[in-house]
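Let's take a look at how this chain packs together. Have the sequence and the model open side by side as you read.

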Amino acid sequence: MSEFLLLSTYSVCSDAAGIAGNLFAFVLFVSPIPTFRRIIRSQSTEQFSGLPYVYALLNCLICLWYGTPIVSPGIILVATVNSVGAIFQFMYITIFIINAEKAKKVKMLGLLLAVFALFGIIVIASMRLFDHPSRKLFVRYLSVASLISMFASPLLIINLVIKTKSVEFMPFYLSLSTFLMSISFFAYGMFKEDPFIYVPNGVGTILGIVQLSLFFYYSTVFGEDSREPLLESYA
């Protein structure tokens, strides 16, 4: 009886961590909305870069594939959060292409097609060249590489904060959401005993703590607050 209760509690905690990660990831996915409202109003992409959204789309697609039952049974919450993320990133890229000047439009459209082509190659290769255990391992390594790269990208912002002693380009709520999402999926990965989930999200948790620490340090010492939303999404 006690063993059943323990397993039941373990399962509940695992699901709770996964659901929390989904919720915090959703906050990250909607964070670029102010930027794209500005783009739509001005009908111009100005100096904004569309590359972060292209990368985020590829990352979401790879992690979505990893979370599907055909690759990794039992972690459907990974698939659900990344399916939502892929939809948001695709919408952002579409808006960017519509409002971009011709050169940027062609470049972004080419990159978008390249993302779908690469994802298609990954899906076909993993299905035809690997049996189930090998397929899971293959997609695992791809998802870990993309996740760690995604979480490492805020290092550029951290460097900017230290150099300018300003937190203008590192909004508190985005940093907080990154930290909460990372720690939630870190816990989810621990409950599922899946190092390919908890390792990259552990890295994200550490980087989130660093960002929050810098935010509080510079906003307290130099009396500055974030005034603009971050122009690049790391979700």
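Predicted model: local features only at pLDDT ≥ 70, side-chain atom pairs only at ≥ 80, totals over all residues.

## The nonpolar cores

The largest nonpolar core is built from 45 residues, and Leu57, Tyr66, Ile93, Phe96 and Tyr188 have the most contacts inside it.

Tyr188 is worth a click. Setting aside neighbours within four places in sequence, Tyr188 touches Ser14, Ala17, Gly18, Gly74, Ile75, Ile76, Leu77, Val78 and Ile197.

## Annotated segments

An unreviewed UniProt entry puts "transmembrane region" at 16–36, 48–68, 74–97, 109–129, 141–162, 169–191 and 197–218. In the model, residues 74–97 are 92% helix and 0% strand, with end C-alpha atoms 37 Å apart. Residues 109–129 come out at 95% helix and 0% strand, and their end C-alpha atoms sit 30 Å apart.

## H3 against H5

How do H3 and H5 meet? Their axes come within 10 Å and cross at roughly 15°, so the two helices are roughly parallel to each other. The crossing of H3 past H5 is right-handed.

On the H3 side, the contact includes Leu51, Val54, Leu57 and Trp65. H5 answers with residues including Met108, Leu111, Phe116, Phe119 and Met127. Leu57 is also one of the residues with the most contacts inside the largest core.

Note on methods:
Residues numbered from 1 in each chain as written. Heavy atoms only, no water. Core = buried A, V, L, I, M, F, W, Y, C linked by side-chain atoms within 4.5 Å. Buried < 20%, exposed > 50% of the residue type's maximum accessible area, 1.4 Å probe, protein only. Contact = heavy atoms within 4.5 Å. UniProt positions renumbered as here; feature names shortened; annotations may be inferred. Helix = DSSP H or I, 4+ residues; strand = E, 2+ residues; numbered from the N terminus. Axes fitted to C-alpha atoms, helices over the stretch in contact; angles between N-to-C directions. Parallel < 35°, antiparallel > 145°, perpendicular 65-115°, else oblique. Left-handed = near helix turned anticlockwise from the far one by under 90°.
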